[in-house]
Every structure is written in C-alpha cells, then in structure tokens.
Amino acid sequence: MADTGPERTSTRAAFADALPELAARHNVLVVDTDTGSVKPAPGMDYLNVGIAENAAVGLAAGAEHCGRRALVCTFAAFSVSRAFEFIKLDIAYPRRRVCVVGTHGGASGGWLGPTHHATEDLALMNALPNMRVVVPADARQAVSLLGQCLEYDGPTYLRLGRKDSPVFAGLPEPVLGVPQEVRPGRDLALVATGPEILATALEVARGLADAGYDAQVINAHTVDPEAALAVGRAVAADCRWLVTLEEAWTSGGMGAQVASALGARGIRWLPVGVSGFLPPGSHGDLLEESGLTAGAVLRRVLEFVGHPQ
C-alpha cells in the first residue's frame with residue numbers, strides 16, 4: 001500500500017535532471033520552446049526554437065520522419081492549444097515516435113493565470129487516436145515513464161507539474177498503460193491521476209474507512225482511452241461507486257474515459273475535477289477553489305454514497 005512520505009520534488013525537476021542521459025541513450029532530438037525546463041548537456045542533441053510551438057512540433061515530426069526519435073518540451077497550455085493541429089496531423093495521424101512534454105500541467109501555473117493553466121489538455125490529447133497520455137504520480141514515476149515514452153513505438157504526451165509535489169513511499173515501478181492499485185478496497189473505487197490528486201485520494205480513503213467504507217485507490221498514470229480499459233478491469237468486482245479525481249476539466253478527461261470503460265457494469269459515477277476557468281492564484285488555493293482538497297472531496301463522496309452527515 002502506497003502513502004505520501006515527507007519528500008517533495010516536482011515532476012518537472014525530475015524530468016530536467018533525467019533528460020540528458022535518457023536523450024543520449026535513446027538518440028533523441030530534444031526541441032525546446034524556451035521553457036527553461038531543459039538542461040542542455042554534452043551528448044544531447046538540443047534545439048531551442050523559442051516561443052514557436054507549432055514550429056517545434058513540425059520540426060520534431062520531420063526529424064522522426066528522417067529516422068530520429070524526438071521530444072518537444074512546451075508549457076502544457078501552449079502545446080495542446082496553439083500546436084494542437086500540428087500534433088494531430090504531424091504526430092498522431094502518422095504515429096510519429098515523438099514525445100510531447102507539457103510542463104505546468106493542470107493548475108500548477110498558479111499565479112500565471114488562465115493563459116498558463118492547462119485544464120483542457122487531457123481531454124484534447126485523449127481525443128487523438130494513437131496518442132498515449134501520461135501523468136506521472138510523482139518525481140520517481142516521471143523519470144521511469146519518460147524513459148518508457150522515449151521507447152514507445154508511437155506518439156506520447158507527458159504531463160508534468162510545475163513545483164514540488166508529493167513523492168510516495170511504496171509506490172511500485174510504473175508500466176506504461178497499466179494502472180496501479182495503491183490501496184485495496186471493495187465498496188468504492190477512487191481513481192486518481194497526478195501527484196497532489198493521488199495524495200488527496202489516499203487521504204479521502206482513510207476518511208471513508210472511518211465512516212465504514214472500504215475504498216480502493218487506483219493510480220491512473222496513463223489516462224488515454226486504451227489505458228481506461230485497463231483501469232476498468234482493475235476496479236474491484238464488488239465496487240458499487242466510482243469516483244474519478246483529476247486536476248483537469250472532467251469533460252473528456254481521465255474520468256470520462258474510465259466511466260465509459262465501466263459503463264456496462266452499471267456502477268454509479270462521481271466525476272471530481274476542475275469546473276470552468278480558474279483565476280490567478282497559488283496552486284494550493286486553486287486546488288481548494290476547485291474542490292480538490294481531501295476535506296471537500298470526502299464530503300462530496302459521503303453525500304454521493306448517501307452517508308448521513
């Protein structure tokens with residue numbers, strides 16, 4: 001059973017530290033858009049094209065067409081918005097072996113405001129055929145899943161947070177596309193994606209146990225429709241209620257994929273995520289405003305299952 005430990009490290013920092021060695025090992029061309037998230041190093045082929053996301057995606061796709069794996073690093077809000085058509089036609093359609101890395105995922109852009117918040121990215125990337133959509137649960141998983149994305153025979157989208165986030169003790173090594181049960185349970189399933197959200201799910205599960213409910217917690221580090229089928233298989237056979245938690249708009253996001261995969265089982269579903277645009281603010285304040293803190297989620301879940309309060 002996994003749980004939050006005292007350590008906190010951002011998934012973006014872990015990515016930056018691991019990238020030079022992994023890029024050299026896999027012969028990857030790294031294309032940056034002046035994000036400050038990439039540390040050029042000897043042996044790493046690196047191009048900084050500036051704030052030109054469309055050009056970066058096209059360049060990476062061309063390099064892959066010529067036999068090179070490629071990685072594009074952008075702010076998540078810009079890759080999925082400004083460059084969506086290029087990702088769709090130049091990467092997803094021909095199944096290019098390109099990893100699009102989106103930093104500042106979810107509301108982690110904080111005070112930068114709605115121009116830099118990426119709450120639509122999971123829905124948009126999930127809409128693309130052939131695309132694997134990956135949200136590591138912590139810094140250690142970010143390194144492992146980055147390596148797997150660079151080995152994957154097709155396109156991937158890797159979403160990273162901005163600042164320090166929980167590192168989990170006892171969390172198994174991730175396998176791309178395979179969900180992880182981090183807490184067993186039978187009454188209801190809490191399916192969570194991303195560091196802060198997984199920490200919230202584990203805290204909510206403890207609160208539900210105090211109320212007499214046995215809650216399963218699943219870490220969905222891969223959130224595309226293909227992975228959602230695997231999440232559906234991982235949900236306990238006797239589960240009566242499904243709660244999905246994500247730092248994203250719920251329309252088309254992880255929860256929508258999982259609910260679709262579980263539709264035939266008739267399990268009641270509560271989607272928990274971001275609703276609407278968020279104002280500038282600290283990451284913690286924005287999670288609280290979105291109702292993604294443990295206390296707020298626990299109250300919603302207890303009401304959802306009909307527990308007297």
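These legends describe close-up views of a predicted model.

Residues are numbered from 1 along each chain as its sequence is written, and side-chain values use heavy atoms, with hydrogens and water left out. In this predicted model, local features need pLDDT of at least 70 and side-chain atom pairs count only at pLDDT 80 or more, while totals for chains, interfaces and linings use all residues.

**View A. An open sheet of 5 strands, S9-S11-S10-S12-S13.** The pairing is mixed. Strands pair if DSSP finds at least two bridges between them. Strands (E, at least two residues) and helices (H or I, at least four) are DSSP runs, numbered from the N terminus. S9 (180-183) and S13 (268-274) are the edge strands. Each has a single partner strand, so one side of each lacks a neighbour in the sheet. From one strand to the next, the twist averages 25 degrees.

**View B. Strands S10 and S12, with helices H9 and H11 on the sheet.** S10 (residues 188-192) and S12 (residues 241-249) run parallel, joined by 5 bridges. Ala-192 has Leu-245 of S12 as its bridge partner. Helix H9 (residues 254-261) lies across S10, S12 and S13. H9 runs at about 150 degrees to S12. Helix H11 (residues 294-304) also packs on the sheet, touching S12 and S13. The direction of H11 makes about 160 degrees with that of S13. Axes are lines fitted to C-alpha atoms, for helices over the stretch in contact, and angles run from 0 to 180 degrees between N-to-C directions.

**View C. Ala-192 in strand S10.** Ala-192 is buried, at a relative accessible area of 0%. Buried means under 20% relative accessible area, exposed over 50%, and partly exposed in between (1.4 Å probe, protein chains only). Neighbours within four places in sequence aside, Ala-192 is in contact with Ile-197, Leu-198, Ala-201, Ile-218, Asn-219, Ala-220, Leu-245 and Met-254. Contact means heavy atoms within 4.5 Å. Gln-216 lies 24 residues from Ala-192 in sequence. In space the two are 11 Å apart, C-alpha to C-alpha.

**View D. Helix H1 (residues 11-25) and its kink.** H1 has 15 residues and reaches 20 Å from its first C-alpha to its last. That is close to the 21 Å expected at 1.5 Å a residue. The expected span is 1.5 Å times one less than the number of residues. A kink of about 45 degrees lies at Leu-19, shortly before Pro-20. The bend at a residue is the angle between axes fitted to the seven residues ending there and the seven starting there. Buried residues of H1 include Phe-15, Leu-19, Pro-20 and Leu-22. The buried residues pack against strands S2 (28-32), S4 (69-75) and S5 (98-103), and against helices H6 (139-151) and H7 (195-210).

**View E. Positive phi at Asn-27 and Asp-34.** Asn-27 sits in the loop between H1 and S2. Its phi is near 55 degrees, a positive value in a residue other than glycine. Asn-27 counts as partly exposed, at 44% relative accessibility. Asp-34 lies in the loop between S2 and strand S3 (45-48). Asp-34 is not a glycine either, yet has a positive phi of about 60 degrees.

**View F. Helix H7, largely enclosed by the rest of the structure.** Of its 16 residues, 12 are buried. Among them are Pro-195, Glu-196, Ile-197, Leu-198 and Leu-208. H7 reaches 23 Å from its first C-alpha to its last, close to the 22 Å expected. Just after H7, Gly-212 takes a positive phi of about 95 degrees.
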